[in-house]
Amino acid sequence: MKKLLQVVACIVCACMMIAGSALAKDKIVVGFSQIGAESAWRVANTDSIVSEAKSRPNIELKFSDAQQKQENQIKAIRSFISQGVDVIAFSPVVETGWEPVLKEAKRAGIPVILSDRAVDVQDDSLWVTFMGSDFVEEGRRAGNWLMENYDRLKNPDKSSDVVNVVELQGTVGSAPAIDRKVGFAEVTEGSAFKIIKSQSGDFTRAKGKEVMEAFLKSEGDKIDVLYAHNDDMALGAIQAIEEYGLKPGKDIIIVSIDAVRGAFEAMIEGKINCTVECSPLLGPQLFDAVEDLMAGKELPKRIVTNEGVFPAEVAEETLPTRKY
Amino acid sequence: MNQVQWLRSENFQRMLWPLMALVGILLFNLFFTPGFFHIEIKDGRFFGSLVDIANRAAPVMLLAIGMTLVFATGGVDLSVGAVMAISGAIAATVIRPDYVKGVLEYGEVQSLFLVLSIPLFFSLLAGLWNGLLVAVIGIQPIIATLILMVAGRGIAQLITQGQIVVFIHEPFQYIGSGFLFGLPFPIILVLLTFTVTYLLTRRTGLGLFIEAIGANSVASRFMGIRERLITLSVYIFSGFCAGLAGLIVCADIKAADANNAGLFLELDAIAAVIIGGTMWGGRFTIFGSIVGTLIIQSLTTTILTRGVAPEVTLVFKAFVIILVALIQSEKFRRLFSGRMARKKVPAS
């Protein structure tokens, strides 16, 4: 259904382009090649870009869905070049193999913006800026929040000065899993916080629950903190903790990443203590950058998405404003 | 049959190696993983790693029971993982029909009968589709079921619109995380399915018919076995088992995750059936498949409780499974004992 809508949206865009080409001289034309619609996060990402473009009268968006295929993205970028758009933006499905098509864009004098994923090319003059979340920073934020707030949440008179943390990693080898682990380890290194168990929960609820169950069997009441690389795994783990007979959010402090709506609902119930945002809502930032670029401003090579940290105290007031 | 005869019987011999592998893994844990065998009774429930193994293995055990029969007819059902996703997606949608349209409030509480029967009906339908393609149209099973394996997950995503549908429905949650006689309810469901299937295939002629079809479908047709009907029903049964497994997973996490529910579990089920000693087309043992599933799951639980680095988990798993498969191969064993016998010659 979503795909169909996007196809329709493309056709509508194309029609408007033909009708409006005479008028479009004063508009900034942006070609965006999206990866696809593989997850709820991605769908929210697309919605953000399309709706932001609509709300800005000086922007005209040409949107293309690549259905998770690099060849489709390359085709889309070539067609953007031949149509002579002002700016090309895209979320590269994979890191490698972009040199030829990016060189074509450079030769045509069209600036390229990378959205939420990076490319692996020798010559970094082929793209203007890379915007998106910094996964390492997300891990650092989770670690920092934990270290600042742990004593307040759990009885500080605990005799042991070591805090036992268990970690639910994302899919092995994926960039967010690697970076979030590194960021968290970086800030907690040398502190009282020790990771005693770390396993992959594949970013899913079912796996998160299964792995947490096993952690509880082997470590039991020793576990003080759960750090999950995404909210879904944390939500699964909460059920395992409850079935074990402990109180999530009280007996075990829970910190996770993503800030999806389900995590806010759990925070209101007091079962998650904090979630670090990983926002798919890149639309406003993307078109700000496009406007700056067209106004002749120099863009930084790396634009990090504005992201917040949401502790449980603000969950109730924030939930209605969450878009994903 | 007296005891010695039974120990020598082919059925037992075939079961011996998988059982030994399972015992081996458990023994390893007995010595090296403290508390692994510790079972306590908490609020009238059995509680411990061993219970976890059986409970977490329950969905794959159900898949393996269905897959064993499909295997015995000389087929394979690749679509079971996708059928799990469909059945979970339907169950969640029946509970919260407007969730995907953005309505967060619960309507009236759906009756448990509808929540169970609608997904199971569609699972039977999925099985019927596979069966028709294989038994009536005559497409290769691996291709015929591949269709639903690929399309099925898409169908499940269409139902949930790519979202994770969360719900609260106490009676339905019981299927996934309830307890009966102190045991997790999924285990009871597996025991029930196992017993019924065992009685149907071993106390009636059905099991022999299935084996005959797998061994030689043309000959069995000439013998008067209604080969098409039986093949068809075997695929329908496999669909039913997958649907039930999907309900367990969905009820357990109180959410339908169309992207991930049952993902790659068809492969676990196939591995379990083969480790358990069922051959492709011919003799089958449902008990063996259950043991096979337990081997895979106790391996997983061992890895999780002992803390093997996640990067090497899969390699470790593959290594143990290939070892179990090799031990089962008579040729491999003969190679081994043959070499030992040769070594003995100069010594004597």
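**Exercise 1.** For chain B of this predicted model, determine how the radius of gyration compares with that of a compact globule of 348 residues.

*Solution.* Begin with the expectation: for 348 residues, a compact globule would have a radius of gyration near 20 Å. Next, take the value for chain B, which is 22 Å. The two values agree.

**Exercise 2.** Describe the secondary structure, contacts and burial of chain B.

*Solution.* First, the secondary structure comprises 15 helices and six strands. Second, consider contacts between residues at least 6 apart in sequence: 77% of these join residues at least 24 apart. Third, 49% of the 348 residues count as buried.

**Exercise 3.** Characterise the surface and the charges of chain B.

*Solution.* The accessible surface comes to about 16900 Å², and carbon and sulfur atoms account for 70% of it.

**Exercise 4.** Is D52(B) buried or exposed, and which residues does it contact beyond its neighbours within four places in sequence?

*Solution.* Locate the residue first: D52(B) belongs to helix α3 of chain B, residues 49-72. Its relative accessible area is 10%. The cut-off for burial is under 20%, so D52(B) is buried. Finally, with neighbours within four places in sequence set aside, D52(B) is in contact with E213(A) and K217(A).

Key:
Residues numbered from 1 in each chain as written. Chains lettered and ligands numbered in written order. Predicted model: local features only at pLDDT ≥ 70, side-chain atom pairs only at ≥ 80, totals over all residues. Heavy atoms only, no water. Helix = DSSP H or I, 4+ residues; strand = E, 2+ residues; numbered from the N terminus. Rg over C-alpha atoms; globule rule 2.2 N^0.38 Å. Buried < 20%, exposed > 50% of the residue type's maximum accessible area, 1.4 Å probe, protein only. Contact = heavy atoms within 4.5 Å. Areas by Shrake-Rupley, 256 points an atom, 1.4 Å probe, with all protein chains shown as cover. Lys, Arg positive; Asp, Glu negative; His and termini not counted. Charge placed at Lys NZ, Arg CZ, Asp CG, Glu CD.
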